[in-house]
Amino acid sequence: MTKDLILTINPGTTTTRIGLFAPQAGQVQRLLEETVEHDEAVVAGFAGIAAQLDYRAAALRAFLEAVPGGVRLAAVAGRGGMLSPVPAGVIAVNDDLVDFALHRPVYHHASNLGAPLAAAIAGSHGCPAYIVDPVSVDELPPVARVSGFPEIPRFSFVHALSIRACGRRLAAELGKPFESLNAVVAHLGAGFSIAALKGGRIVDSSNRMEVSPFSPERAGGLPPIPLIELCYSGRYDKATLMARLYGRGGAFAYLGTKDMRRVEAMIDAGDEKAALIHEAMLYQVGRAIGAMAAVLDFAPDGVILTGGMAHSARVVAAIRARCAALAPLHVYAGSDESRALAEGAARVLAGQEAAMTWPVAPW
């Protein structure tokens, strides 16, 4: 395997998802994909996420060295991480971006290692490094930023990589340019993003913890006055309450599990509470889809259901029934982020898209 390839890097809390893709005219062919499992005790022993860089880079190099015939890289594409607001698209990784991702991210998350790891591997292979559509992609128009409280404007923080990749897929199926697509995309994973694509731009979304439906592990949007009262009740310090809302909230808070397959088994066994919580979660998803359809004047080209929960026939049936009057439902189960990363790099290599240079002004 010596031809020019694109390496994709998607770091998780205790994993690094790696892919090798062959680019051709802006498209890609998947050749190899693997998840490297990192020992939880080893990861926990680092002072912070940034300190894991050399450890994870060594694992990536070991992976590449083990590929039969060797690897010649044309580009490396990493997960974008928790950056400040940026436009949609591909951003070339430079030293400033690496420094920001490691030391000054908006939130601390393993995905912040995507750009530094891409730079480390690309540097030793003499090829460019990119990130593609990080979660901080912010294309909201001014009207969508007004919240009702001047000190807290609305902002975008969504599964932009998945949302835009699914939008491109639907546009291709419909035979229209992505830049002309109007669609509602519901990404249902551990966290949810329900977004409106208008003219190919993410012009509004449920924004995970703002007005989002609750998810398997996140509380989503909550009534503000009771939440404020809870914050000042003395029952929780800030770190504990944040952990309850973001990681131990949602279905987990009610049912003690984040695994929706287990929840469905509980429902099948006659657990009425599990049935209610599951129904409430999908009720909120349907309501959010309707809200995003309103942004599109209730005339989307389609509704897209994606993410891990889209593998569930029960979930698909429930969302299809709720959205039948809006537009056809297109189900793209799973979250093919590695391919989306590779396709972004391939478009740049083919001259179909220009990579932006960090720092990038969002508006």
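Strand 5 (residues 90–92) and strand 12 run parallel and are joined by two bridges. Across this pairing, Ile 91 stands opposite Met 356 of strand 12. The model described here is predicted. The two strands belong to an open sheet of seven strands, ordered 3-2-1-4-6-5-12, with mixed pairing. Strand 3 and strand 12 (356–357) form the edges of this sheet. Each has a single partner strand, so one side of each is left without a neighbour in the sheet.

Strand 1 (residues 4–11) and strand 2 (residues 15–24) run antiparallel, and six bridges join them. Three residues lie between the two strands of this hairpin. Thr 8 has Gly 19 of strand 2 as its bridge partner. Strand 2 then pairs with strand 3 (residues 27–37), again in the antiparallel sense, over ten bridges. Here Ala 22 stands opposite Gln 29 of strand 3. Two residues separate the strands of this second hairpin, and Ala 25 takes a positive phi near 55° in it. Helix 2 (residues 53–65) lies across strand 1, strand 2, strand 3 and strand 4 (72–78). The helix runs at about 45° to strand 2.

A further open sheet has five strands in the order 9-8-7-10-11, and its pairing is also mixed. Its edge strands are strand 9 (201–205) and strand 11, each of which pairs on one side only. On average, neighbouring strands of this sheet are turned by 25° against each other, direction ignored. Within the sheet, strand 7 (residues 182–188) and strand 8 (residues 192–198) pair in the antiparallel sense over seven bridges. Val 184 stands opposite Ala 196 of strand 8. Helix 12 (residues 313–323) lies across strand 7, strand 10 (302–307) and strand 11. Relative to strand 11, helix 12 runs at about 155°.

His 330 sits in strand 11 (residues 329–333). The residue counts as buried because its relative accessibility is 17%, below the 20% limit for that class.

Salt bridges number 19 in the whole structure. One of them joins the side chains of Arg 30 and Asp 336, at 2.8 Å from N to O. This pair links distant parts of the chain, 306 residues apart. Arg 30 is in strand 3, whereas Asp 336 is in the loop between strand 11 and helix 13 (337–349). Both residues count as partly exposed, Arg 30 at 31% relative accessibility and Asp 336 at 38%. The pair is part of a network of salt bridges that links Arg 17, Arg 30, Glu 33, Asp 336 and Arg 339.

Glu 217 takes part in salt bridges with Arg 218 and with Lys 258. The side chains of Arg 218 and Glu 217 meet at 3.8 Å, N to O. For Lys 258 and Glu 217, the closest N and O atoms are 3.5 Å apart. Lys 258 lies in the loop between helix 9 (250–255) and helix 10 (260–268). Glu 217 lies in the loop between strand 9 and helix 7 (224–231), so the pair with Lys 258 ties together parts that are 41 residues apart in sequence. Glu 217 is buried at 18% relative accessibility, and Arg 218 is buried at 14%. Lys 258, by contrast, counts as partly exposed at 38%.

The surface also carries a nonpolar patch. Val 106, Tyr 107 and Phe 155 make up this patch, which covers about 250 Å². Tyr 107 lies in the loop between helix 3 (95–103) and helix 4 (114–125). With a relative accessible area of 34%, Tyr 107 is partly exposed.

Note on methods: Residues numbered from 1 in each chain as written. Predicted model: local features only at pLDDT ≥ 70, side-chain atom pairs only at ≥ 80, totals over all residues. Heavy atoms only, no water. Helix = DSSP H or I, 4+ residues; strand = E, 2+ residues; numbered from the N terminus. Buried < 20%, exposed > 50% of the residue type's maximum accessible area, 1.4 Å probe, protein only. Patch = residues over 30% accessible without salt bridge, like charges linked within 9 Å, V, L, I, M, F, W, Y side chains within 5 Å. Areas by Shrake-Rupley, 256 points an atom, 1.4 Å probe, with all protein chains shown as cover. Salt bridge = Lys/Arg side-chain N within 4 Å of Asp/Glu carboxyl O. Pairing = 2+ DSSP bridges. Axes fitted to C-alpha atoms, helices over the stretch in contact; angles between N-to-C directions. Contact = heavy atoms within 4.5 Å.
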